[in-house]
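Hello,

Here is the structure I promised to pass on to you. Please have a look at it first, and my notes follow below.

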Amino acid sequence: MTAVDDQILYPPASIAVVGSGQLGRMFIQAAQSMGYQAGVLSATAETPAAQVADWSVLGPPDHLPALRALAERAQAVTVEFENVSAPALRWLAKRRIVRPGWRTLWVSQNRIREKSFLTRHGIPHAPWRPVRTPEELATADRELGRPMILKTADSGYDGKGQVLVGPGDDPEDAWSSLGRASCVAEGWVEFAAEASVVVARGRDGQAAAFPIALNHHERHILATSVAPAPVGPIVAQEARDVALAVAQALDAVGVLCVEFFVTADGRLLVNEIAPRPHNSGHLTIEGAYTSQFEQQVRALCGLPLGSCDLVTPAAMVNLLGDLWAGGEPRWDNALRDPGVKLHLYGKRTAKPGRKMGHITVLDSTAEGALARALAAKQALTER
Ligand code: AMP
C-alpha cells in the first residue's frame, strides 16, 4: 500500500469515474449525496454520467491528455466498466488513488485470464478450454462435447461475441463467424436459474456481500432481478462465500459482481466476474441499507463499508429502448402503484435492447415485488 492508498478522503474531496453510462451516473449521484464533488471522464458532454457530474473531462478512457486532466481534478478514480486500458490505469495509479486496481481489471477483461483465475483458485465454473488455434478448437470440441459455446476472449457483453455450436454444426464455421478471434469454449450448462452476488470490499480487506439475487435474461440481456433469490439458505450462503472468495483472491477494492449458474441440484458455477457495480445490484438503491453505488464511494474514499442488509425484498425490471417503439412510455400508468420507483438514465435516443432505465419495487415478498414491477412495466405501453 502506498502513502496515497492510505489516505481517507473526506467530503467535499473531488473523486471521479472513468466511463460515462448509467453505472457512472448512479455512482456520481451516490457520491454527491455524501457531499463529494464527483466528476467523470466521458466520451461527450451528453452522456448519462456527464449530465449529472459536477465536472467532466471529455475524451476516450485511454487518452493520455484526458487522463492527465482527470488526475489534475480528482483525488481518487474508479471505473464503471472493466475494459478500461490497464496501462492507462497503471499510469493513473502512480498519481492518484485508483480502485479497483489495474490487476483486478486485467483478470476480468479477458475470458481466458478470467477462467484461468477461477481454475487456479479452485472456484467452481463451467468446463472450458482456450481456443486460439485450430488445434485448440478441435481439442475443445472433443473434450467438451456439444452443445458448446464459443465466446470471444475480449470485449463481449450482453451475449455479444458468442456463438452456440450445436450437434450438427461445424465448429470452424462458428469460430470464423467470430473472426477467428481468441476465444474460450465452454461446455453447455443445463442451469435451473441464473443468480448473482454483489460484494463490496474495502482497502483494509474488510468485505461485505449483498444477498443473492435471482436474474432472468431475455435475448442475453438482464430483464429482471429479485432479492433475496428464492434459494435455500445453504445455496445463499455458499454464493456469498464464493463471491467473497473471488473478491479476496482478486484483491479487489471497490464493488464487484459474481454471476452464477445454479444447477437443478443446487450447485453454483461462476459464469462471470464484473469488477464494478452491476445491473443486478440496482435494486440495492432502495432495497438495501447501503446501495452498491454508495459502497463504491465508501471503498474508493477509504471509509468503512455500510450494511449490505436488505430493508425488505425487492425487484428490479429493466426498461429497454423497445418500450419506446409506440411513442413515449406512459410513465403515469406505471406510477399508479405508489411503491414504484422509476429510474431513467437520461439517454437521448431509445434503441431496441438499449438500457434506458429501470423500475424498482419493494414488497414484503420477492414474488410480490416482482409481480408489481412487471405490472408497472406492462402498464407503460398501455394506451
Ligand atoms: P455471458 O455473456 O457469458 O454472461 O453469457 C450470456 C448468457 O448466455 C448467460 O447469461 C446464459 O444465459 C447464456 N450462457 C452463457 N454461457 C453458458 C453456458 N456455458 N451454458 C449455458 N448457457 C450459457
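**Ligand and salt bridges**

A polar side-chain atom of Glu 186 sits 2.9 Å from a nitrogen atom of the ligand (a polar contact is a pair of N or O atoms within 3.5 Å; within protein, one must be able to donate a hydrogen and the other to accept it, and residues adjacent in sequence count only if both atoms are side-chain atoms). Before going on, please note that this is a predicted model: local features need pLDDT of at least 70, side-chain atom pairs count only at pLDDT 80 or more, and totals for chains, interfaces and linings use all residues. Residues are numbered from 1 along each chain as its sequence is written, and side-chain values use heavy atoms, with hydrogens and water left out.

Lys 151 places a polar side-chain atom 2.7 Å from one of the ligand's oxygen atoms, and Val 189 has a backbone N or O atom 2.9 Å from a ligand nitrogen. Taken alone, the ligand exposes 480 Å², and the protein buries 93% of that (Shrake-Rupley method, 1.4 Å probe).

The ligand is surrounded by 15 residues, each with a heavy atom within 4 Å of it. The shell divides into five nonpolar, five polar and five charged residues (Ala, Val, Leu, Ile, Met, Phe, Trp, Tyr, Cys and Pro count as nonpolar, Asp, Glu, Lys and Arg as charged, and the others, Gly among them, as polar). Because domain 2 (127-187) and domain 3 (191-379) both give residues to this shell, the ligand lies between them; the bounds come from an automatic or database domain assignment.

Now the salt bridges: the whole structure has 16 of them (a side-chain nitrogen of Lys or Arg within 4 Å of a carboxyl oxygen of Asp or Glu). Lys 151 and Glu 186 turn up again here, linked with Lys 115 in a network of salt bridges.

Arg 111 pairs with Glu 272, with 3.2 Å between the closest N and O atoms. This pair links distant parts of the chain, 161 residues apart: Arg 111 is in helix 7 (residues 111-120) and Glu 272 in strand 15 (residues 268-274). Helices (H or I, at least four residues) and strands (E, at least two) are DSSP runs, numbered from the N terminus. Arg 111 is buried at 6% relative accessible area, while Glu 272 is partly exposed at 23% (buried is under 20%, exposed over 50%, partly exposed in between; 1.4 Å probe, protein chains only).

Best wishes
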